[in-house]
Amino acid sequence: MMEQEKYGRKVLQRSLNLYLSTTEWITCSLTFTPEQKNENLSTRETMFAALQGTMFIGGSGMGANLALSISVTLTNHLGAPEDSIRTANGACIGSLATFFNEEELEKLIREKILPQGPSKEIRHGQALAIAGLMRYAPTRMSKMDLIEDLTASLLKFMDSDNVQVLQLC
């Protein structure tokens with residue numbers, strides 16, 4: 001095994017341990033003062049950026065159960081109220097797509113990303129997730145015959161006045 005993969009796995013495990021140990025603190029933003037909400041926002045954004053980087057480097061060594069639980073967390077954040085969280089989340093979904101089980105990935109995309117969500121934030125998160133998929137795993141998307149569906153969904157987002165697709169480029 002290459003040294004880079006070992007290092008990537010170690011960093012991924014540490015990041016996930018940190019993420020899992022702080023999940024309650026991160027998701028409980030209703031009781032914070034405005035200053036604490038800003039700290040919470042930057043902490044979540046940093047956590048997603050670290051998760052994205054570690055998944056991109058060492059995600060292939062991640063167990064199936066852990067990858068599945070991360071996918072649930074990521075889809076739960078598609079409709080985050082902050083743009084920066086949705087953007088980081090979209091990059092995470094793209095990195096996840098590089099190694100995620102093909103059947104689970106197709107299920108995730110067809111059930112959570114392709115159908116237009118009920119709110120502006122969810123639709124924007126879905127568009128960012130598509131951008132992440134196309135950026136980090138375009139070959140995999142074409143092998144899975146999802147390019148046409150993803151393109152059609154992106155065109156629907158472009159027709160909507162509520163989702164700014166130009167930010168994705």
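This is a predicted model: local features need pLDDT of at least 70, side-chain atom pairs count only at pLDDT 80 or more; totals for chains, interfaces and linings use all residues.
Numbering runs from 1 along each chain as its sequence is written, and side-chain values use heavy atoms, with hydrogens and water left out.

Together with Leu74, they touch the most other members of the 32-residue largest nonpolar core (buried Ala, Val, Leu, Ile, Met, Phe, Trp, Tyr and Cys residues joined through side-chain atoms within 4.5 Å; buried is under 20% relative accessible area, exposed over 50%, partly exposed in between, with a 1.4 Å probe and protein chains only). The largest share of this core, six residues, comes from α5.

Next, show α5 (83–97) and α7 (120–136), whose axes come within 7 Å and cross at roughly 40 degrees (helices are DSSP runs of H or I, at least four residues, numbered from the N terminus; axes are lines fitted to C-alpha atoms over the stretch in contact, with angles from 0 to 180 degrees between N-to-C directions). Pick out the contact residues, including Gly90 and Gly94 of α5 and Gly125 and Gly132 of α7.

Last stop: Asp145, in the loop between α8 (138–143) and α9. Its phi is near 55 degrees, a positive value in a residue other than glycine. Asp145 counts as exposed because its relative accessibility is 62%.

Notes. Helices (H or I, at least four residues) and strands (E, at least two) are DSSP runs, numbered from the N terminus. Contact means heavy atoms within 4.5 Å.
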